[in-house]
Amino acid sequence: MERSLSQYAPYFYALLRIVAGLLFAMHGSQKLFGIPGGGDPVPLVSLMGFAGIVELVGGLLIAFGLFTRAAAFVASGQMAVAYFMAHIPQGPVPLLNKGELALVYCFLFLYIVTQGPGIWSLDASRQKRG
C-alpha cells in the first residue's frame with residue numbers, strides 16, 4: 001500500500017503548498033482589507049500592516065509556486081517572530097497561548113523551503129523553459 005500511495009506524493013505536496021499559501025494570503029487580506037470577516041483594516045505603515053503585506057504577497061507566491069523558497073523562508077521567519085512577540089508573553093504552551101497556528105505555519109513553511117516548489121508551480125514551468 002505504501003508504494004501505491006507514494007506515487008501521489010508530488011500531487012499532495014503541491015496541494016499542501018497551494019492550500020497553505022492561499023490560507024496564509026487570506027490572513028494578509030484580512031489585515032490589509034478586512035476581507036474576509038469584515039473587520040477594520042490595519043494601518044499599512046505599522047507592524048501589523050507589514051505582517052499583512054508579507055502574508056498576502058508571500059502566501060500568493062507560495063500558492064503559485066513563484067520564488068517559492070524565498071517566499072516560504074520569509075513567511076516562516078515572520079511566523080516565528082509572531083509567535084515570540086504575540087504568543088510567548090501569554091505563556092509557554094502553544095495550545096494555551098493560542099500560538100499553535102503560528103508554529104504550524106512556521107514549520108510548514110520551513111518544510112516548503114527544503115522541498116522547493118514541486119509540481120504545479122510557476123518555478124517548475126520556468127525551469128522547463130530555461
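Phe24, Tyr105 and Phe109 form one aromatic cluster in this predicted model. Rings of Phe, Tyr and Trp (its six-membered ring) are taken as a pair if their centres lie within 6.5 Å; planes under 30 degrees apart count as stacked, over 60 as edge-to-face and the rest as tilted. By this rule the structure holds six aromatic pairs. The pair of Phe24 and Phe109 is edge-to-face, because the ring centres are 4.8 Å apart and the planes stand at 70°. Since Phe24 lies in helix 2 and Phe109 in helix 6, this pair ties together parts that are 85 residues apart in sequence. Helices here are DSSP runs (H or I, at least four residues; for strands, E, at least two), numbered from the N terminus. Tyr105 and Phe109, by contrast, form a stacked pair, with 5.4 Å from centre to centre and 10° between the planes. Both of these residues, Tyr105 and Phe109, belong to helix 6, where four residues, about one turn of the helix, separate them.

A residue is called buried under 20% relative accessible area, exposed over 50%, and partly exposed in between (1.4 Å probe, protein chains only). Phe109 counts as buried because its relative accessibility is 0%, and Tyr105 is buried at 8%. Phe24 is likewise buried.

Residues are numbered from 1 along each chain as its sequence is written. Because the model is predicted, local features need pLDDT of at least 70, side-chain atom pairs count only at pLDDT 80 or more, and totals for chains, interfaces and linings use all residues, while side-chain values use heavy atoms, with hydrogens and water left out.

The largest nonpolar core has 16 residues, of which Phe24, Ile62, Ala72, Met79, Phe109 and Ile112 touch the most other members. At least two residues of this core are supplied by each of helix 2, helix 4 (68-87) and helix 6 (100-115). Helix 6 gives the largest share, seven residues. In soluble globular proteins, nonpolar side chains tend to be buried together. For Ala72, the contacts (heavy atoms within 4.5 Å) beyond its neighbours within four places in sequence are with Ile62, Phe109, Ile112 and Val113.

Charged side chains were examined next. A salt bridge is a side-chain nitrogen of Lys or Arg within 4 Å of a carboxyl oxygen of Asp or Glu, and by this rule there are two. In one of them, the side chains of Lys31 and Glu55 meet at 2.8 Å, N to O. This pair links distant parts of the chain, with Lys31 in helix 2 and Glu55 in helix 3 (residues 47-64), 24 residues apart. Lys31 is buried, its relative accessible area being 16%, and Glu55 is buried at 4%. Asp123 and Arg126 also meet in a salt bridge, at 3.3 Å from N to O. Because these two residues, Asp123 and Arg126, are three residues apart in helix 7 (residues 122-129), about one helical turn separates them. Asp123 is buried, with a relative accessible area of 7%, whereas Arg126 is partly exposed at 42%.

On the surface, Leu5, Tyr8, Tyr11, Phe12, Leu15 and Trp120 form a nonpolar patch with about 660 Å² of accessible area together. Patches are made of residues with over 30% relative accessible area and no salt bridge, like charges being joined within 9 Å and nonpolar side chains (Val, Leu, Ile, Met, Phe, Trp, Tyr) within 5 Å. Accessible areas come from the Shrake-Rupley method with a 1.4 Å probe, and for residues only the protein chains shown count as cover. Helix 2 (residues 9-33) contributes the largest share of the patch, three residues. Phe12 has its place in helix 2 and counts as exposed because its relative accessibility is 56%.

Two further valines were located in the helices. Val81 is in helix 4 and is partly exposed, with a relative accessible area of 46%. Its C-alpha atom is separated by 9.4 Å from that of Cys106, 25 residues apart from Val81 along the chain. Val57 lies in helix 3 and counts as partly exposed at 46% relative accessibility. The C-alpha atoms of Val57 and Ala86, 29 residues apart along the chain, are separated by 22 Å.

Note on methods. A nonpolar core is a set of buried Ala, Val, Leu, Ile, Met, Phe, Trp, Tyr and Cys residues joined through side-chain atoms within 4.5 Å.
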